[in-house]
Amino acid sequence: MAGAVTMPGTQPGAGRPGTERPGAERAGAAHRIAVIGGGPGGLYAAALLKRLDPDREVTVWERNAPDDTFGFGVVLSDETLGGIEHADPAVYAALQEEFVRWDDIDIVHRGTRHTSGGHGFAALSRKRLLAVLHERCRALGVDLRFRTEAPPAAELATAYDLVIAADGVHSLTREAHAEVFRPTLTTHRCRYIWLAADFAFDAFRFEIAETEHGVLQLHGYPYRAATASGSDPGASTVIIEMREEVWRAAGFADVDPAESAERCAKLFAEALGGRPLHGNNSSWLTFRTVVNEHWSCGNTVLLGDAAHTAHFSIGSGTKLAVEDALALAANLQEQPDIPAALAAYETERRPVVESTQRAARASLQWFEELPLYVDQSPRQFAFNLLTRSRRVTHDNLRLRDAHFTEAVERDFGCPPGTPPMFTPFRLGDLELRNRVVVSPMDMYSAVDGVPGDFHLVHLGARALGGAGLVMTEMVCVSERGRITPGCAGLYTDEQADAWARVVDFAHTQAPGTAIGLQLGHSGRKGSTRLMWDGIDEPLDSGNWPLVAPSPLPYGPASQIPHALDAAGLAAVREEFTAAARRAARCGFDLLELHCAHGYLLSSFLSPLTNRRTDAYGGSLEARLRFPLEVFDAVREVWPAGRPMTVRVSATDWADGGTTADDAVAVARAFAAHGADAIDVSTGQVVSDERPAYGRSYQTPFADRIRNETGVPVIAVGAISSWDDVNSLLLAGRTDLCALARPHLYDPHWTLHAAAEQDYAGPGVVWPLQYRAGSRRPQTGRTDAAKPRLALPGAPQPRPFP
């Protein structure tokens with residue numbers, strides 16, 4: 001169930017007439033309530049609060065007329081409807097009569113339609129939704145004031161116990177108290193317009209139009225249209241969206257909404273069956289993501305789009321507003337006073353909203369980058385679209401529509417019964433038996449740069465764990481190129497002998513597993529403590545001098561590095577080539593050049609860390625010069641048949657730093673010099689970065705590089721499940737997936753992923769010693785046997801103890 005009505009600590013019957021619950025006597029703390037805005041969120045909050053306490057005085061101000069509305073159909077999830085049913089069965093019953101329900105999504109690309117079923121949608125007219133809520137509010141005694149501007153929130157706050165600001169994305173309340181709410185408003189790259197068609201699509205429909213000006217997309221879904229005589233099932237919402245530059249080039253900036261609707265109908269004539277499109281106060285908009293640091297100011301609280309927005313492509317705007325109303329009403333019942341209730345409301349809702357906004361941002365960005373995917377096959381394109389927000393995954397989609405998912409797998413090249421992650425992939429002369437990479441992870445456990453028994457056990461365990469490729473930590477090319485005193489190196493023969501021992505173990509005991517070396521130099525981030533003693537903090541004693549492209553310290557307490565001159569550049573280049581020769585003799589299968597995370601080569605690439613005025617600084621081409629020289633020198637001594645990859649930071653997460661456009665250019669440059677793949681990470685270049693963390697948050701950068709350049713990529717960054725791996729691969733967003741923390745949690749992560757998917761093919765091999773554990777252990781029985789036949793009044797079976 002959605003909303004606070006079912007949150008921990010709330011009684012199941014909370015707020016229902018005739019039910020007693022702790023704290024019910026405190027409900028009168030918010031006796032006089034003002035609601036600014038008569039959209040679904042504001043109206044539903046008013047109805048709930050009045051229903052929970054009929055003695056409350058609840059007033060809603062709405063500047064438009066009761067039958068004015070913008071947009072057409074509204075989609076609500078089963079989860080949201082469950083919350084409504086629990087909190088107000090009368091509203092739920094009224095809505096149930098109005099819904100159009102369907103399960104399919106149609107995706108049409110280059111004349112081919114693919115349908116995926118099992119999704120479950122319910123939609124109704126926004127006008128009818130508002131009418132249902134108007135009727136409910138009036139029946140409960142809510143004072144609805146239409147065609148009336150609300151007084152300012154500050155004025156209402158002195159006369160009412162609680163002010164609910166549900167005044168939308170352009171909230172005047174939020175603007176008036178911006179110093180408290182601290183909003184961030186982000187405007188995005190696409191233009192879109194809400195239109196309608198006077199017929200019902202068979203399913204949720206996505207369709208692409210490729211024109212001389214660029215790519216346009218149609219989002220369409222059916223709903224019941226409110227009419228003077230009742231409800232007519234034959235209507236569809238149609239949203240047309242395109243990038244700003246396409247919108248301008250196609251001339252939409254120069255025509256009125258009516259002509260825009262006519263042009264859009266012609267562009268999507270086949271989808272519409274030649275029927276027209278029409279608007280309702282429609283205009284071309286740019287979506288704005290709204291985020292607020294705080295949701296309340298005194299006794300004024302934000303709700304719905306005033307507090308947060310989520311892109312329409314995941315259909316969550318009304319859902320979030322309704323769930324906000326549920327949570328706010330429940331917390332006002334549950335908490336001792338209004339300040340506590342508003343704090344609890346925000347605490348409860350913020351994680352849900354942030355998760356939804358992350359999914360919405362991923363979906364929004366996918367549509368912004370749509371030109372990257374138009375050359376995919378129609379079926380892979382459909383799978384990519386369905387999984388764009390990361391909320392629908394490969395495994396989830398297989399449950400919804402096994403037939404469609406199996407067809408996508410066949411197209412990808414999966415043998416029967418083989419998950420995508422266990423298909424092979426070739427880099428140079430090296431064939432990896434599966435797509436899983438153990439990501440490089442610094443262990444800070446070497447002595448004088450020599451890897452010891454810890455490294456043997458650590459990397460050996462992960463080699464036995466089934467991954468196709470196991471990477472070492474960043475191995476440093478010189479003593480002064482270490483990050484910490486505990487970092488491993490490859491600048492002496494003793495170190496090389498120790499690494500050869502690790503490689504030999506992996507090849508002998510885990511045949512078929514490749515082992516790769518990541519080679520790097522710390523640059524300005526060196527001479528620091530072990531991670532657990534203070535990450536990036538300088539040593540208390542025994543510091544060594546640092547080098548960098550420019551004399552800029554990493555952090556406030558960091559040492560100022562020496563800017564490399566011509567002799568220094570030549571010396572570092574030789575250190576890399578000497579280490580690469582040793583790596584070849586050790587028998588490593590792959591070599592990765594570390595040009596990410598603010599280490600030496602990375603700091604040449606970023607404009608935030610490279611302020612040189614010579615041939616190695618300035619333009620991106622110049623900043624690339626030294627990393628490419630190092631790459632060429634290493635490639636020359638590295639055996640021709642063995643692959644080389646490059647790890648890059650695709651963004652610095654900081655203003656003025658490396659951008660996604662730069663990352664594409666960097667990837668092209670390294671590929672042109674012979675890189676077999678690009679390992680796409682982000683950040684750690686400057687200490688004041690602001691990453692947008694979240695599940696798979698770095699994969700869009702790998703996705704763009706792969707689909708714009710055609711260069712194979714390794715995706716990293718909070719990829720936490722085998723389902724994520726399968727989804728990313730099938731969608732064509734990456735070629736390999738590197739996982740770090742999951743392999744710390746479980747060295748045999750890949751073996752267990754195979755067992756959990758009932759896979760026992762050549763893509764993963766259990767060591768003979770472990771083969772008895774290749775099936776998931778049985779668990780105790782937790783359910784009781786269901787009766788064959790249940791009779792009214794018959795005693796129910798007891799669960800097993």
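Are Arg191 and Glu244 buried or exposed? Both are buried. Before going further, please keep in mind that this is a predicted model.

Arg191 and Glu244 form a salt bridge, with 2.7 Å between the closest N and O atoms. The pair links distant parts of the chain, since Arg191 is in strand S10 (residues 183-197) and Glu244 is in helix H8 (residues 244-249), 53 residues apart.

A second pair is Glu323 and Arg349, whose side chains meet in a salt bridge at 3.6 Å, N to O. Glu323 and Arg349 are both buried.

Glu629 sits in helix H22 (residues 625-637) and Arg573 in helix H19 (residues 566-586), 56 residues apart. Glu629 counts as partly exposed because its relative accessibility is 25%. Arg573, at 24%, is partly exposed as well.

There is also a network of salt bridges, which links Arg189, Arg243, Glu245 and Glu369. In total the structure holds 40 salt bridges.

Now the fold. Eight strands form a closed barrel in the order S19-S20-S21-S24-S25-S26-S27-S28, with parallel pairing. From one strand to the next, the twist averages 30°. As one example of the pairing, S24 (residues 590-595) and S25 (residues 644-649) run parallel and are joined by five bridges. Cys595 stands opposite Val648 in S25. Helix H16 (residues 453-464) lies across S19 (436-438) and S20 (469-476), at about 155° to S20.

On annotation, an unreviewed UniProt entry gives residues 421-754 as "domain: NADH:flavin oxidoreductase/NADH oxidase N-terminal". That stretch is 36% helix and 16% strand, and its end C-alpha atoms are 9 Å apart.

Last, the threonine. Where is Thr513? It is in the loop between helix H17 (493-509) and strand S21 (514-520). Thr513 counts as buried because its relative accessibility is 4%, under the 20% cut-off. Its side chain makes a polar contact with the side chain of Arg433 at 3.2 Å, and reaches the backbone oxygen of Ala463 at 3.3 Å. Beyond its neighbours within four places in sequence, the residues in contact with Thr513 include Val470, His507 and Asp589.

Terms used
Residues are numbered from 1 along each chain as its sequence is written. This is a predicted model: local features need pLDDT of at least 70, side-chain atom pairs count only at pLDDT 80 or more; totals for chains, interfaces and linings use all residues. Side-chain values use heavy atoms; hydrogens and water are left out. Helices (H or I, at least four residues) and strands (E, at least two) are DSSP runs, numbered from the N terminus. Buried means under 20% relative accessible area, exposed over 50%, partly exposed in between (1.4 Å probe, protein chains only). Contact means heavy atoms within 4.5 Å. A polar contact is a pair of N or O atoms within 3.5 Å; within protein, one must be able to donate a hydrogen and the other to accept it, and residues adjacent in sequence count only if both atoms are side-chain atoms. Two strands pair if DSSP finds at least two bridges between them. Axes are lines fitted to C-alpha atoms, for helices over the stretch in contact, and angles run from 0 to 180 degrees between N-to-C directions. UniProt positions are given in the numbering used here, feature names are shortened, and annotations may be inferred rather than shown by experiment. A salt bridge is a side-chain nitrogen of Lys or Arg within 4 Å of a carboxyl oxygen of Asp or Glu.
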